[in-house]
Amino acid sequence: MPELPEAETIVRGIRSAVSGRRIEDVEVLHRDVLVVAPTRLRKGLAGRRIAGAERRAKNILLEMDDGSVVWINLGMTGSVLALPRPPRTSPARARYGPVATHPAVVFLLGDGTDLVFDDSRRFGTIRHLDAPTSEARSRTFGPEPLTDEFTPAGLWDGLRVSRAPVRSWLLDQRKLAGVGNIYANEALFMARIHPARRACTVRRHEADALHHTLRSVLSDAVRAEGTTIRDYRNAQGGEGKYGRELKVYGQEGSPCIRCSSIVQRVVFGDRSAFLCPTCQPRRAVARRTQNIGLT
Ligand SMILES: [Zn+2]
């Protein structure tokens, strides 16, 4: 599932291809991804110029010249690709070749580029919001972890008042933007924190370590252009290279790189978590809970 590094990689990959380009038309092949009526989307965008492309949390934002913003959420299997426009002679599934076999919505740009939202399972969404609505939506997300608004003190302040498992806290987009299950598990391993520990049992020095590991894991993954487990592709159809750097996610049964214990997979909150039982002891919960006086 695409997270911050995958969305960031796509934005970097399409920015120069879309900035300053005019949208000639919008082709809707699967309207179920639209959170806007197809006719309204076409009317609102045809003839408009794209001012730029940005990322907020796991979303790709196309900023239009009238201040409105197209929000593209990649869902489970979505990708956004900038591709040379092929002839419309073959069926939509075949027209872009193997890099985009499930095109759902295509933005036809004035220079002959197709900006393709491809999504095989179609849990992704496209919205077209006016400027105030877009700003209000942006404010519903927590701080961006790779910016200065994300601080060790701010992270600890959020964790210490929550009884949720720390992994669930990290996945809550209202608390922190852009982190999903892959990078939450990796950062918790690096910080030696069991993913199922209650957030309020995380001590200050552990929160400091987690702040550091979240940033380093996410920035390393951006540099590697994300992680391709199955579906994710960058804006040109290539795979992310961070998969070979994963230390616990999807590594159950393999030895821990630090201590050689066997990496385990446990399921809670309907999601798999991956951990080293030696480096990330669960037993810390009871002792630390008592220490800070919670019942
Ligand atoms: Zn270990």
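The model is a predicted one, in which local features need pLDDT of at least 70 and side-chain atom pairs count only at pLDDT 80 or more, while totals for chains, interfaces and linings use all residues. Residues are numbered from 1 along each chain as its sequence is written.

The chain has 9 helices and 10 strands, where helices (H or I, at least four residues) and strands (E, at least two) are DSSP runs numbered from the N terminus. Along its principal axes, the C-alpha trace spans about 65 × 40 × 30 Å. With 295 residues, a compact globule would have a radius of gyration near 19 Å, and the chain, at 21 Å, agrees with this; the radius is taken over C-alpha atoms, and the globule rule is 2.2 Å times the number of residues to the power 0.38.

Strand S2 (residues 50-56) is joined to S3 by 6 bridges, and the two run antiparallel; they form a hairpin with 2 residues between them, and Ala57 in the turn has a positive phi of about 55°. S3 is in turn joined to strand S4 (residues 69-73) by 5 bridges, again in an antiparallel manner, and in this hairpin, which has 4 residues between its strands, Gly67 in the turn has a positive phi of about 90°. Strand S3 (residues 59-64) is mostly covered, since 5 of its 6 residues are buried, a residue being buried if 20 or more other C-beta atoms, placed from the backbone, lie within 10 Å of its own, exposed if 12 or fewer, and partly exposed in between.

In soluble globular proteins, nonpolar side chains tend to be buried together. The largest nonpolar core has 76 residues, and those with the most contacts inside it are Ile14, Val80 and Ala187; such a core is a set of buried Ala, Val, Leu, Ile, Met, Phe, Trp, Tyr and Cys residues joined through C-beta atoms within 7 Å. Helix H7 (residues 181-190) provides the largest share of this core, 7 residues.

The domain assignment, which is automatic or from a database, gives domain 1 (4-139) and domain 2 (152-291). Their centres, taken over C-alpha atoms, are separated by 30 Å. In all, 18 residues of domain 1 are in contact with 19 residues of domain 2, where contact requires C-beta atoms, placed from the backbone, to lie within 7 Å. H1 gives the most to the side of domain 1 that touches domain 2, with 8 residues.

Terms used. Two strands pair if DSSP finds at least two bridges between them. Two residues are in contact if their C-beta atoms, placed from the backbone, lie within 7 Å.
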